[in-house]
Amino acid sequence: MVVCLMSLTPSGAGADAPTVVADLPPVHGLVAAVMVGRGAPDLLVPVGADPRDHALRAAEALLLRRADIVVTQGREMTPALGPMLDARRDDQIVLNLTALGGLYRRPATPTEEEASLPPEAQADTAEAEAEVEVEVGAEDGGEAAPEARSVTLGGADRDVSTDFDPHLWLDPENAIRFVHAINTVLSVHDPEGASVYAANATETIAAIRGAQSVAELRLAAVAGRPFIVDDGSVGYLSQRFGLGPMVALGGVDTVEPEAASLAMARRAAATASCVFVDASHPSPAAETLADEHGLRVVTFDALGHTVPLGPEHYPNLLIALAEDFAECLGQAD
């Protein structure tokens with residue numbers, strides 16, 4: 001199934017439409033969906049690149065400097081953004097989606113209880129409505145230079161633990177909060193396009209809900225089947241759809257598994273259906289484990305590198321990932 005959002009509000013791009021940069025394909029897809037008919041975002045980290053070790057090229061750095069709005073999944077996923085954002089223009093808005101209130105932030109190394117509880121029971125309740133406030137920076141009689149414009153979304157300036165799995169977009173409920181925030185920030189910057197953004201956001205959320213329903217139906221038959229992953233990055237999706245038990249060779253983005261994790265995975269291999277491997281980086285340990293126990297290896301494309309960019313990217317990514325799970329757990333048609 002492929003989601004199509006061609007019904008999103010058609011409208012000519014206004015003269016004041018903002019220049020927007022999004023760091024990752026899933027974030028780009030959500031921004032693109034909200035901006036249909038008003039403009040289109042640029043993608044910062046190119047398709048196929050691993051954002052965790054990608055060094056910005058000159059053309060990408062220029063995109064970042066020129067943008068009116070930067071929408072990012074945070075420095076945890078794209079470390080190269082850090083120095084550039086620290087030196088951003090005074091009038092540039094940076095929307096850090098990971099700082100939203102009401103999100104489910106899965107611990108980087110969850111306890112057994114945390115892994116078993118539903119996401120709703122662990123979501124951040126602070127500023128749950130994710131209210132957006134744009135701080136422009138006050139000028140004191142022309143004497144004080146305006147501070148860099150920042151965006152507070154559901155408490156972006158409050159203390160948020162960094163010990164969480166940064167793949168937040170893999171939970172569709174988080175993605176819906178992202179859409180609300182993107183709509184609000186675009187509307188604040190570009191009031192002329194506010195009605196377009198609002199209509200697009202409504203359609204985008206409906207498309208995400210539709211894709212979520214498709215995924216739920218596809219995965220209902222494989223719930224409760226054990227599987228092994230090379231790291232914990234699939235945890236958001238697994239937990240949202242009640243899959244597993246899941247045994248991870250390591251924590252989020254682990255390069256080499258610890259001995260205890262490897263021993264646990266070997267025990268789980270007796271009943272596991274398959275091994276998931278992150279498409280963005282190889283996992284020799286996972287490949288070896290699969291060979292030793294005759295398990296299938298299925299690639300997990302969390303960053304959506306194989307899903308076409310554009311307004312339909314996120315719903316189609318969600319469905320594609322559900323198909324990956326169904327294939328991994330032996331229920332592909």
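**Close-up views of a predicted model**

**View 1. Contacts of Ser187.** Beyond residues up to four places away in sequence, Ser187 touches Ala194 and Tyr197 (contact: heavy atoms within 4.5 Å). Ser187 lies in helix α5, residues 172–189 (helices, H or I, at least four residues, and strands, E, at least two, are DSSP runs numbered from the N terminus). Ser187 counts as buried because its relative accessible area is 16%, the limit for buried being under 20% (1.4 Å probe, protein chains only). The model is predicted: local features need pLDDT of at least 70 and side-chain atom pairs pLDDT 80 or more, whereas totals for chains, interfaces and linings use all residues. Residues are numbered from 1 along each chain as its sequence is written, and side-chain values use heavy atoms, without hydrogens and water.

**View 2. The open parallel sheet.** Four strands are arranged in the order β2-β1-β3-β4, with parallel pairing (strands pair if DSSP finds at least two bridges between them). The edge strands β2 (42–43) and β4 (93–96) each pair on one side only. Strand β1 (residues 20–22) is joined to β2 by two bridges, and Val21 stands opposite Asp42 in β2.

**View 3. An aromatic cluster.** Phe227, Phe276, Phe300 and Phe325 form one aromatic cluster (rings of Phe, Tyr and Trp, the latter by its six-membered ring, pair with centres within 6.5 Å; planes under 30 degrees apart are stacked, over 60 edge-to-face, the rest tilted). The model holds six aromatic pairs by this rule. In one of them, Phe227 and Phe325 are edge-to-face, at 5.4 Å centre to centre and 80° between the planes. Phe227 in strand β7 (residues 227–229) and Phe325 in helix α10 (residues 313–328) are 98 residues apart.

Key: Buried < 20%, exposed > 50% of the residue type's maximum accessible area, 1.4 Å probe, protein only.
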